[in-house]
Amino acid sequence: YLCGRVRRPLFEQRLTEAGVSVIPVETYDTIAIIRAAEEISEAIGIEPVDHALLYSANGAEALAETMGRPEFADLFENTTFLCMSARVAYTLEKGRKAKIRVAAEPTEEALLSLLGEGG
């Protein structure tokens, strides 16, 4: 099956346990990019962020790192974080108080529907 270099082993384990031979073919990689404060400011502006959509645990970790930078902390004080899954929410939540909502299922449609619910 086609997959990324960074992945959780659960899918492959379950197939193997079910007697299915698994051959992962890595077709992409996930690489963190460290952005300068000026680049981040240019991208998100100076106004507080109302909502942040998080699709992956890696994305949640990257956003948490940005929020931890003193120059951006105020922008996220009242943000509602909309997460694709409980795993993503857990990654973001570690040690911080935040308004977090989790999609009913791990699909973009379910994630975006949270915006219409007053998220």
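Contact here means heavy atoms within 4.5 Å. With that in hand, turn to the model, which is predicted.

The protein has five helices and five strands. From the N terminus on, they run β-α-β-α-β-α-β-α-β-α. The C-alpha atoms fill a box of roughly 50 × 35 × 25 Å along the principal axes. Of the 119 residues, 27% are buried. Among contacts with a separation of 6 or more, 56% join residues 24 or more positions apart. The accessible surface comes to about 8300 Å². Carbon and sulfur atoms hold 54% of that surface.

Start inside. In soluble globular proteins, nonpolar side chains tend to be buried together. The largest nonpolar core in this model has 17 residues. Those with the most contacts inside it are L54, L63, M67, F72, F76, F81 and L92. Helix 2 (37-44), strand 3 (51-54), helix 3 (57-67), strand 4 (80-83) and helix 4 (86-93) each give two or more residues to this core. Helix 3 gives the most, with four residues. Apart from this core lies another, of six residues, including L82, M84, A103 and A110.

Look along helix 3. A57, A60, L63, A64, T66 and M67 are buried there. The buried residues of helix 3 pack against helix 2, strand 3, strand 4 and helix 4. L92 shows one set of contacts in detail. Leaving out residues up to four places away in sequence, L92 touches L54, A60, A64, M67, F81 and I100.

Now the strands. Strand 3 and strand 4 pair in the parallel sense over four bridges. A52 stands opposite F81 in strand 4. In a regular strand the side chains alternate between the two faces of the sheet. Strand 4 is covered on both faces. T80 and L82 are buried on one side, F81 and C83 on the other.

L53, Y55, L112 and L115 make a nonpolar patch of about 320 Å². Y55 sits in the loop between strand 3 and helix 3. Its relative accessibility is 39%, so Y55 counts as partly exposed.

Charged pairs come next. The whole structure holds five salt bridges. One of them joins R5 and D29, whose closest N and O atoms are 3.1 Å apart. R5 lies in the loop between strand 1 (2-4) and helix 1, and D29 in the loop between strand 2 (25-28) and helix 2, so the pair ties together parts 24 residues apart in sequence. R5 is partly exposed, with a relative accessible area of 47%. D29 is also partly exposed, at 38%.

R35 forms a salt bridge with E39, the closest N and O atoms being 3.4 Å apart. R35 is partly exposed, with a relative accessible area of 40%. E39 is partly exposed, with a value of 40%. E71 pairs with R69, with closest N and O atoms 3.6 Å apart. E71 is partly exposed at 45% relative accessible area. R69 counts as partly exposed at 21%.

Salt bridges that share partners join R7, E12 and E26 into one network. E12 belongs to helix 1 (residues 10-17). Not counting residues up to four places away in sequence, E12 touches Y1, R7, V22 and P24.

How values were computed
Residues numbered from 1 in each chain as written. Predicted model: local features only at pLDDT ≥ 70, side-chain atom pairs only at ≥ 80, totals over all residues. Heavy atoms only, no water. Core = buried A, V, L, I, M, F, W, Y, C linked by side-chain atoms within 4.5 Å. Buried < 20%, exposed > 50% of the residue type's maximum accessible area, 1.4 Å probe, protein only. Patch = residues over 30% accessible without salt bridge, like charges linked within 9 Å, V, L, I, M, F, W, Y side chains within 5 Å. Areas by Shrake-Rupley, 256 points an atom, 1.4 Å probe, with all protein chains shown as cover. Salt bridge = Lys/Arg side-chain N within 4 Å of Asp/Glu carboxyl O. Pairing = 2+ DSSP bridges.
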